[in-house]
Amino acid sequence: MRFHGRDLRKGRINLPGQTYVLTCVTLNRTAAFAAWPSASLLAREIYQIGQSDAIQPLAWVVMPDHLHWLVQLKAGSLNQLMQRLKSRSAIALNRLHGTRGAIWQKGYHDRAVRNEEDLRNVARYIVANPLRAGLVKRIGDYPFWDATWL
């Protein structure tokens, strides 16, 4: 059976005011963001999109081959948000490296955060990803993350 990204979107509901954990992965799990210039480029795109009225960014971490992002949706849809991030970052990364082509896998994973969940704990889990992956021994040693509370 062949995977289709559109299958992820079936039944997807976007609610303004709802908080979501979003995850997207690079094409073929390539470590596209392992180098400082590439990771900082993606971090800059996350920051710029976070300045819009569409979301309230709460936490994020850029990993070498994926991104975790905790956002509160204010307007629009998750699909629009992820399309914007993937498009802008792919264009910028291709420009940086003088390449062409896709950077991201199609689709993304989203999970609505339940009201009873502690957002700070969700944010801590997200930003601790580099620790669990063995990239650093202390989160302060990893430069590509942010959280409003931490």
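This is a predicted model: local features need pLDDT of at least 70, side-chain atom pairs count only at pLDDT 80 or more; totals for chains, interfaces and linings use all residues.
Two strands are said to pair if DSSP finds at least two bridges between them. Local features were considered at pLDDT of at least 70 and side-chain atom pairs at pLDDT 80 or more, while totals for chains, interfaces and linings use all residues. Residues are numbered from 1 along each chain as its sequence is written, and side-chain values use heavy atoms, with hydrogens and water left out.

Strand S3 (residues 66-73) is mostly covered, since 7 of its 8 residues are buried, where buried means under 20% relative accessible area, exposed over 50% and partly exposed in between, with a 1.4 Å probe and protein chains only. Strand S1 (residues 19-25) runs antiparallel to S3 and is joined to it by 7 bridges; Val25 has His66 of S3 as its bridge partner. Strand S2 (residues 55-62) also pairs with S3 in the antiparallel sense, over 7 bridges, and the two strands form a hairpin with 3 residues between them. Within S3, Leu73 stands opposite Ile55, and Gln72 is the bridge partner of Gln56.

Helices are DSSP runs of H or I with at least four residues.

The axes of helix H2 (residues 36-50) and helix H3 (residues 78-97) come within 10 Å and cross at roughly 145 degrees. The contact, defined by heavy atoms within 4.5 Å, involves residues of H2 including Pro37, Leu41 and Ile49, and residues of H3 including Leu81, Arg88 and His97. By class, this contact has 10 nonpolar, 4 polar and 3 charged residues, where Ala, Val, Leu, Ile, Met, Phe, Trp, Tyr, Cys and Pro count as nonpolar, Asp, Glu, Lys and Arg as charged, and the others, Gly among them, as polar.

Conventions. Axes are lines fitted to C-alpha atoms, for helices over the stretch in contact, and angles run from 0 to 180 degrees between N-to-C directions.
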